[in-house]
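Hi everyone, thanks for making time.

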Amino acid sequence: MEMDRTLESLQLVIARVLPHRDPTLVFKDLNVVAILQEFWESKQKSAVLPSEGIIVYESLSSLGPPFVSYVTLPGGSCFGNFQSCLSRAEARRDAAKVALINSLFNELPCRRITKEFIMESVQEAVSSTSGNLKDADDPSTSIGAYHYMLESNIGKTMLEFQELMIVFQLLHWNGSLKALRKTKCSRQEVISYYSQCSLDEKMRSHMALDWITKEKESPGIISQELQVALRELEDVRKAGHELRFYKEKKEILSLALSQIYSDQVTTSSWENQMSLALHGYR
């Protein structure tokens, strides 16, 4: 019964955003790549502040199947094919289907941040961390900071909120948030500052430099982290989940490795070093 209601809700979204498409046939259409493109073009036309991003596809280099394809949506959310695909075209279609389903789910009212959603989320966070509900009103606490971020993004969808949270997830993983705690900056100041920052090449380069510093202190740590990131990326892709956090980790660590070896070895030697770094993952 719940599945029927969800399917009906998704069909209503399709009818609203893509009125010329038959909602019952969208997921059976082999041209799902074109449908995903139409969906986001329609959304951008009707948005108050249209996104400047475009849909980007990326296929991993492979001599044979199974093939892997990623699709990054405007705003940065990323999905991949979760089926074992025998061709690059099939992998691309499968990735587009996963992205389309998640895009449609994101349009449902239950996926928008509301007062009720914030209350439930904070209560869940308190229960999972054995915290105190009173901490929700204190931005200096972890629960309070989470509450503050949700309140600051009320009205946004979960994909939009995840796109913002990616920056903070990476800063936490990178150790930058821990370092900021030692300064006089408040959590609110940190949140306000980084909420305005986009995850671009400059930020990735800064994080890569941090990992180069870690590598000097603990040789081999980048290769170890990269192997973990690749395993995580594969797991979340096969589960059909949003995977930008894991993909960004892979990109940042790969960038750090490339910078370490670029001044020391030739291109061919660099490729050998990358193969050795990834050997444990394979």
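**A walk through the helices**

Let's start in helix H5, residues 142–152, where Ile143, Gly144, Ala145, His147, Met149 and Leu150 are buried. Buried here means under 20% relative accessible area, with exposed being over 50% and partly exposed in between, using a 1.4 Å probe and protein chains only. Helices are DSSP runs of H or I with at least four residues, strands are runs of E with at least two, and both are numbered from the N terminus.

Quick word on what you're looking at: this is a predicted model, where local features need pLDDT of at least 70 and side-chain atom pairs count only at pLDDT 80 or more, while totals for chains, interfaces and linings use all residues. Residues are numbered from 1 along each chain as its sequence is written, and side-chain values use heavy atoms, leaving out hydrogens and water.

So what covers the buried residues of H5? The cover includes helix H4 (115–129), helix H6 (158–174) and helix H8 (187–194).

Now stay with H6 and look across to helix H9, residues 201–217: their axes come within 11 Å and cross at roughly 15°. Axes are lines fitted to C-alpha atoms, for helices over the stretch in contact, and angles run from 0 to 180 degrees between N-to-C directions. That crossing angle makes H6 roughly parallel to H9, a label for angles under 35 degrees. On the H6 side, the contact is made by Val167, Leu170, Leu171, Trp173 and Asn174, and on the H9 side by Met203, Met207, Asp210, Trp211 and Lys214. Contact, by the way, means heavy atoms within 4.5 Å.

Next stop is Glu248, which sits in helix H11, residues 244–262. Is Glu248 buried or exposed? Buried, with a relative accessible area of 7%. Its side chain is joined to that of Arg204 by a polar contact of 2.8 Å; that term is for a pair of N or O atoms within 3.5 Å, where within protein one must be able to donate a hydrogen and the other to accept it, and residues adjacent in sequence count only if both atoms are side-chain atoms. Leaving aside neighbours within four places in sequence, Glu248 is in contact with Leu170, Leu199 and Arg204.

One more spot: the peptide bond from Pro65 to Pro66 is cis, with omega near 0°. Pro66 is in the loop between strand E1 (56–59) and strand E2 (69–72).

Zooming out, the protein has 12 helices and 3 strands, and buried residues make up 40% of its 282 residues.

Methods
Parallel < 35°, antiparallel > 145°, perpendicular 65-115°, else oblique.
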